[in-house]
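Student: Can you walk me through this one? Keep it quick.

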Amino acid sequence: MSVRPVLLLGNPLLRAVCVRVRQYNTPELLALVRDMADTLHDFRRRNGFGRGIAASQIGDRRRVVFIDIDGPLAMVNPEIIRSSRQMMTLWDDCFSFPDLAVKLKRHLSVEVRYRDPEGKEHSLKARGALSELLQHEIDHVNGTLALDRAVDSRHIVYKSELERLKLVAGRKEM
Ligand SMILES: [Zn+2]
C-alpha cells in the first residue's frame, strides 16, 4: 500500500501530455495502478469526495486512469472514440485544486476504448456521471484541466462559497 502525494495546480506535470503505455502486465504498471487506487481511496476518506485519478496527478507520465464509481476500474491508454452532440452543464471539481468548483460543459454520453493493466482491450459506453468522470480523467492524460473548460472565469469559485450561496438561494440553479 502506498499513498502518494497529489500534485496541485501549478505543477507543470499536470500539464504534460502523457505517454502511451506499451508494455502490459509489468510489475511497474501494476504497482502504479495500486498506488493510484490507494491514493484515491485515501483522498476520498480525508476529503469526502473523489471518484477518479490520473497517473499524472501522482507524478507519473503514463496514460493511466483509475476510477471508482460503481467499483474499481483501471484504464490504460484510454481514449474517447465517440461523444454525443448533446452536452450537459455541471459543477466539476478535482483533487489537484480541491477547494475549487468549476462550471463547465461535458458531452452527455461518450464511448471510451482502453486496455486493462493486463493488456486486454475493452470499450465502455457511459452516460451522465460516469461520462462526465471519464471525460475529466481522459482530459488529465492530455494535460487538460477542468479549469480550461470553465464556461467563463466567473464560474471558477470556492466550493465553500458555492455551498453557502446554494443554501441562500434554496439550491436553485446558479
Ligand atoms: Zn482531476
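Tutor: Start with terms: helices (H or I, at least four residues) and strands (E, at least two) are DSSP runs, numbered from the N terminus. The model is predicted: local features need pLDDT of at least 70, side-chain atom pairs count only at pLDDT 80 or more, and totals for chains, interfaces and linings use all residues. Residues are numbered from 1 along each chain as its sequence is written.

Student: How many helices and strands does the chain have?

Tutor: Three helices and eight strands. In sequence order the pattern reads α-β-β-β-β-β-β-β-α-β-α.

Student: What is the order of the strands in the open sheet?

Tutor: β4-β5-β8, three strands with antiparallel pairing. Two strands pair if DSSP finds at least two bridges between them. β4 (87-92) and β8 (156-158) are the edge strands, each pairing on one side only.

Student: And how many bridges join β4 to β5?

Tutor: Six, with β5 covering residues 100-107. Leu90 has Leu104 in β5 as its bridge partner.

Student: Which helix lies across β4 and β5?

Tutor: Helix α2 (residues 128-141), at about 105 degrees to β5. Axes are lines fitted to C-alpha atoms, for helices over the stretch in contact, and angles run from 0 to 180 degrees between N-to-C directions. Contact means C-beta atoms, placed from the backbone, within 7 Å. Helix α3 (residues 159-168) also packs on the sheet, touching β4, β5 and β8.

Student: New topic. What box do the C-alpha atoms fill?

Tutor: Roughly 50 × 35 × 30 Å, along the principal axes.

Definitions and conventions
Two residues are in contact if their C-beta atoms, placed from the backbone, lie within 7 Å.
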